[in-house]
Amino acid sequence: DAVIGLERTLYSIQEGSAPAVEVCIVVYRPTGICPIPFPFSVMFSTSDLTAVVDNDYLDADTIQLFGACATKRCISVPIVDDSTEEPDEQVSISLGDPSDSRITASPRQGLINITDTKPANISLVSSPSSSIVAGDSVTLTCTISLPVGVTDTPSFMWEGPGVIPTPTDPTSSGRMVSSTLVLHEVATSQAGLYTCTASLRGSIDNSTTLIVQIAVPTPVVTASGSMLAGAPLTLQCDFNLSASVEDISVDTVVTWTVGNTAVTTSGEGRRVYNSGTNLEFSLLTTSDTGRYTCTLAIIPQTSFITVDGPKESPEKIITAQIPPPVVTVSLSQNGPLYAGTSLTVTCTVTLDSSVNNNELVSTDWTGLDHVPIDRISTTPVIRVIDSSYTSTLTISPLADQDDGTLNCTGTATGATHIQSASNAVIDVIVPPAPYVTISTTGLSIAGQSYTFKCSASVVAGLVAEPHMKIVLPNTTEISVVATKMLNHTFSSLRISDGGQYTCTATINIPQMPTQLRGFGPAEQQELLSPSIGVLQVLELTSP
């Protein structure tokens with residue numbers, strides 16, 4: 001039997017390389033000069049597989065006539081060259097039954113494969129990186145690979161933020177064609193999405209995002225105003241932003257810390273230039289003393305900008321300069337200071353109202369090195385009112401060698417360390433001798449009741465009472481220690497009771513060193529005067 005069929009079961013063509021593809025029908029058997037000596041016909045058909053008639057190819061259905069002895073017939077199938085980027089597409093081709101039953105058709109089914117003529121792929125690369133520091137340069141390279149057999153030079157178009165500089169002319173290397181865009185000293189306004197489009201009988205594009213990094217400046221804390229407690233003070237967090245930041249929208253946020261503790265401020269951070277966000281103290285106190293730092297953070301309002309993290313300022317030491325305390329020293333005695341008396345000295349320390357109540361107040365007494373310690377006593381510091389503290393020192397008894405200047409230093413420690421001092425001059429004098437008087441009651445008549453009253457007046461505040469003594473005419477002594485009055489009573493006078501009576505008063509203070517006994521027996525004088533001794537002559541009459 002005679003056999004005809006498709007010359008090939010697969011035909012390939014690149015879109016745009018030729019207007020049509022030639023599909024041929026050939027006679028396979030018998031062979032020779034005139035294999036089939038009579039005429040016949042066969043139906044040739046095209047149909048859609050993935051290709052679409054009229055969009056990708058044109059219908060080529062025809063009846064093919066073979067004359068006697070004919071060996072081959074070819075049909076042109078037109079291919080549509082469109083601008084759409086597409087994958088490979090297929091057209092089905094087939095043969096019907098030959099018109100003469102003596103002829104069979106095989107192979108009778110085949111394909112036409114249509115490949116796109118546009119670039120196979122495109123890449124867009126940023127060098128040295130797609131994330132760069134503002135002010136540095138970056139090169140964007142757009143590269144396409146051409147289809148096999150295409151030698152045309154594609155055109156490139158660049159799109160991106162801001163003004164796009166002129167790209168370089170395309171360069172080729174084999175099937176690879178590239179266009180280069182160089183951005184010098186990149187500003188923040190140039191951050192964003194860049195797209196490269198390559199066109200060659202169609203177009204293909206690719207995009208990359210350029211991230212621009214900006215550096216956060218290191219802020220500096222400056223102070224304006226007074227650091228005196230009770231006065232207002234303002235701390236400024238000063239910083240300068242790069243000029244490139246002016247082209248974008250950013251928020252600046254400033255936070256404050258003192259030591260390791262966050263300071264809460266009112267108001268939000270804002271975008272500022274050559275200025276700062278303030279931390280204000282309307283009334284500086286000792287509790288505000290510390291090491292202050294401000295931290296600057298920049299928050300871009302676009303995802304194309306990144307920052308290198310918050311920056312902290314160097315420490316700014318704030319020390320509230322507190323007025324020194326007011327120290328006063330007062331004595332318990334307003335008049336002369338007599339040996340043998342007790343003296344209490346009160347030291348009052350008054351702090352300024354701006355000083356924190358948690359301050360520790362102490363007092364230090366100096367100027368008493370020559371006074372034996374056993375005659376000195378002190379009380380601890382106590383708070384009288386919120387800002388006033390007292391402490392006392394007592395010398396008992398005073399000695400005439402205690403003369404000197406007594407100093408009291410008041411110190412407040414805590415958030416600050418402040419102190420002040422005051423003093424008092426101590427001038428100890430020997431007290432006057434006791435003033436002795438004698439009085440009597442009764443009648444100096446034998447047989448009557450009669451009383452001698454011996455009284456002594458001494459300086460107030462002596463640590464010991466006088467030693468009183470009455471010496472009778474017969475030299476008998478009547479004495480009492482630690483009293484200011486001594487009485488001797490006769491219940492019934494006798495004639496023998498008449499004579500000279502002497503009353504004396506002496507001061508003896510055992511606590512004082514021996515050489516300071518200003519009122520001891522060695523200095524006692526029994527004078528017939530009202531100062532030390534009083535003589536009373538008793539003359540009796542018979543009843």
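Both F490 and Y501 are buried. Their ring centres lie 6.0 Å apart with the planes at 85°, so the pair counts as edge-to-face. This pair links distant parts of the chain. F490 belongs to strand β41 (residues 485-490), Y501 to strand β42 (residues 499-506), and 11 residues separate them. The two rings also belong to a cluster: ring pairs link Y450, F452, F490 and Y501.

The model is a predicted one.

**Aromatic contacts**

The count of aromatic pairs comes to 6. One of them joins F281 and Y292, again edge-to-face. F281 sits in strand β22 (residues 275-281) and Y292 in strand β23 (residues 290-300). They are 11 residues apart, and the pair links distant parts of the chain. F281 is buried, and Y292 is buried too.

The two pairs are set out here.

| Pair | Centre to centre | Angle between planes | Class |
|---|---|---|---|
| F281 and Y292 | 5.8 Å | 80° | edge-to-face |
| F490 and Y501 | 6.0 Å | 85° | edge-to-face |

A ring can also face a charge. The charged end of R102 sits over the ring of F38, at 3.7 Å from the ring centre.

**Overall make-up**

How many helices and strands does the chain have? It has 0 helices and 43 strands. Of its 543 residues, 42% are buried. Consider contacts between residues at least 6 apart in sequence: 66% of these join residues at least 24 apart.

**The five-stranded sheet**

An open sheet is built from 5 strands. Their order is β2-β9-β7-β4-β5, and the pairing is mixed. Which strands stand at the edges? They are β2 (10-14) and β5 (62-66). Each has a single partner strand, so one side of each is left without a neighbour in the sheet. On average, neighbouring strands of this sheet are turned by 25° against each other, direction ignored.

Inside this order, β4 (residues 40-48) pairs with β7 (residues 89-95). The sense is antiparallel, over 5 bridges.

**The three-stranded sheet**

Another open sheet has 3 strands, in the order β30-β34-β35. Its pairing is antiparallel. The edge strands are β30 (360-366) and β35 (417-426), each pairing on one side only. Here neighbouring strands are turned by 15° against each other on average, direction ignored.

Strand β34 (residues 404-413) pairs with β35 in the antiparallel sense. The pairing runs over 10 bridges. Within it, T409 has A421 in β35 as its bridge partner.

**Confidence**

Mean pLDDT for the chain is 83. A value of 70 or more is reached by 86% of the residues. Where is confidence highest, and where lowest? It is highest in β4, at a mean of 97. It is lowest in strand β43 (residues 533-538), at a mean of 52.

Two stretches call for care. Over residues 267-275, pLDDT stays under 50, and the model has 21 contacts beyond four places in sequence for them. Over residues 513-534, pLDDT also stays under 50, with 49 such contacts in the model.

Definitions and conventions:
Residues are numbered from 1 along each chain as its sequence is written. This is a predicted model: local features need pLDDT of at least 70, side-chain atom pairs count only at pLDDT 80 or more; totals for chains, interfaces and linings use all residues. Side-chain values use heavy atoms; hydrogens and water are left out. Two strands pair if DSSP finds at least two bridges between them. Helices (H or I, at least four residues) and strands (E, at least two) are DSSP runs, numbered from the N terminus. Axes are lines fitted to C-alpha atoms, for helices over the stretch in contact, and angles run from 0 to 180 degrees between N-to-C directions. pLDDT is the predictor's confidence in each residue, from 0 to 100. Contact means heavy atoms within 4.5 Å. Rings of Phe, Tyr and Trp (its six-membered ring) pair if their centres lie within 6.5 Å; planes under 30 degrees apart count as stacked, over 60 as edge-to-face and the rest as tilted. Buried means under 20% relative accessible area, exposed over 50%, partly exposed in between (1.4 Å probe, protein chains only). A charge sits over a ring if NZ of Lys or CZ of Arg is within 6 Å of the ring centre and within 35 degrees of the ring normal.
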